[in-house]
Amino acid sequence: MGDSETMMDTSSLETLLVDKTGLRIKPEMRPRLSDHVDKLMRRRAVKDLNAYMRLLGRDPNALQEVIDYLTVNETYFFREPAQIGVFVQTLVPEIMRRKSSGEKVRVLSAGCATGEEPYSLAIALAEQYKATRVRDRFHLAGVDIDRMAIEKARKGIYGQGSFRRFDSGLLSRYFDPCRDRVGGRIIRPEIRRLIDFRRGNLLEAPYPDDLKDMDVVFYRNVSIYFDAVVRKRIFRNLSKVLLPGGFLILSATETLSHDFHLLDLVERDGLFLYVKTRSEGSREAAAGRIFSPPPPIAPKPPAAPPDSPRSNADRYAEALETAATRSRGDALKRLDSLIADAPDFIPAKTLKAAILAYRDAARIDEAETLCEAALALDPWCVEAQLLMGIVAKIRDDRPEAIKRFKAVVYNRTDNWLAHFYLAGIYQAEGQNDRARREYGIAARLLEKGRFPDHGLAFFPLAFSEEQIIYSCRENIKRDVR
Ligand SMILES: C[S@@+](CC[C@H](N)C(=O)[O-])C[C@H]1O[C@@H](n2cnc3c(N)ncnc32)[C@H](O)[C@@H]1O
């Protein structure tokens, strides 16, 4: 089996799998899927794919057999250790300060695979607080859709591959040699008991009660197998289980593609993560809140008339400064009054549109109307085109977003941001060659020091130039979807 003549048409099964799990089959995986399904069908004495599809519809165990086969469980202990360090050293103390005594810090490893991630968190906490205190003060849960991975996690037996970045001191403190597996190690019971493992599908909401009210969610290296729609659905599900002030951590290369305006991006000790802000008031004041320093403004507002003490340009500059450093609400008020006084002053419209697009998903219609008004006054206004693309991207209207970003790069070939957004959309569409090309252009422009040419006056991106270049380079290496 597996050659093109005998390969079955698995498209209906693939559709079912995307629908149920979000997982997409890459074309090169199809022969293996076909082989595997053929084996499963024979094992269950099912004659053809239609009958098998009916079986999958009524028997969750049969569906689970296919899912277990498809998942990619690649993981190891202390993956991206800097994030684990920030968790233990910075996030946990911050969370503990707001807990009453006896209240546990609740942590979820979403897509925990065979358990290396949640065990790493438990070990890192035990190093800091001793295992007994971890048991009293923390609740750690691990969830994965793959039943076999969860069984393995519960057993806690690992081979060499899981320890590829592991400190030998920790190995002897937290693992024992395993008699059942040559060269294998088994995690000590006091650490194993700290984690509550369960099988679960992150796409299915609402989550069970014991997975709610989380202070920290690690959701790393899971979304890379999903398209943008599934990514957003799971991100929304996870944001709902976070307590106010709770943190959501993705791997460094995934973080940027999750800025869906559902949670706020913040920086802690040089790393970027999402936080569920407590309220609008404290949102602006939240420690570590990221706003890039106001970059060079494009386009430049017209110069002030000599006899005007507070020109449009001055008022605009004040609004921009307020948005970037203090309160968004205050900035919007200033812009409303400026727009009312000077309806033809384009930068006020685009600045307001940018604040709404980046910081208030509920008001993107308003952002769009402002951009349309700006384009009616100046059809070549690159900032308005770029913002129209960002609005379309938030709505997941990919054709419209592509049209807008292409219009930007047509006028400004050196606008790395439009290239970067185009790359992300092409990648989500599975157009990997185009995605790689655009990531390449964005990376090269940034490497040449063109970061300030992003074309937006208000650009609250939480990433440094180096991180965006890194993200581009990493994405060039891998095909998504
Ligand atoms: C590559 S592993 C990542 C493991 C770990 N988080 C890490 O960073 O090392 C991805 C895991 O996500 C799980 N997964 C994929 N889709 C899922 C879904 N819809 N619900 C729960 N888990 C899912 C897979 O079964 C797999 O074990």
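In this predicted model, in which local features need pLDDT of at least 70, side-chain atom pairs count only at pLDDT 80 or more, and totals for chains, interfaces and linings use all residues, Asn312, Arg315, Tyr316, Glu318, Ala319, Thr322 and Ala323 of helix α14 meet Arg328, Asp330, Ala331, Arg334, Leu335 and Leu338 of helix α15, where contact requires C-beta atoms, placed from the backbone, to lie within 7 Å. Residues are numbered from 1 along each chain as its sequence is written, and helices are DSSP runs (H or I, at least four residues) numbered from the N terminus. By class, this contact of α14 with α15 has six nonpolar, two polar and five charged residues; Ala, Val, Leu, Ile, Met, Phe, Trp, Tyr, Cys and Pro count as nonpolar, Asp, Glu, Lys and Arg as charged, and the others, Gly among them, as polar.

The axes of α17 (residues 364–377) and α18 (residues 382–394) come within 9 Å and cross at roughly 155 degrees, axes being lines fitted to C-alpha atoms over the stretch in contact, with angles running from 0 to 180 degrees between N-to-C directions. The two helices are therefore roughly antiparallel to each other, a term for angles over 145 degrees. Their contact is formed by Ile364, Ala367, Glu368, Cys371, Ala374 and Leu375 of α17 together with Ala384, Leu387, Met388, Val391 and Ile394 of α18, and by class it has 10 nonpolar, no polar and one charged residues.

Beyond its neighbours within four places in sequence, Leu351 is in contact with Tyr316, Ala319, Leu320, Leu335, Ala457 and Phe458.

Methods:
Parallel < 35°, antiparallel > 145°, perpendicular 65-115°, else oblique. Contact = placed C-beta atoms within 7 Å.
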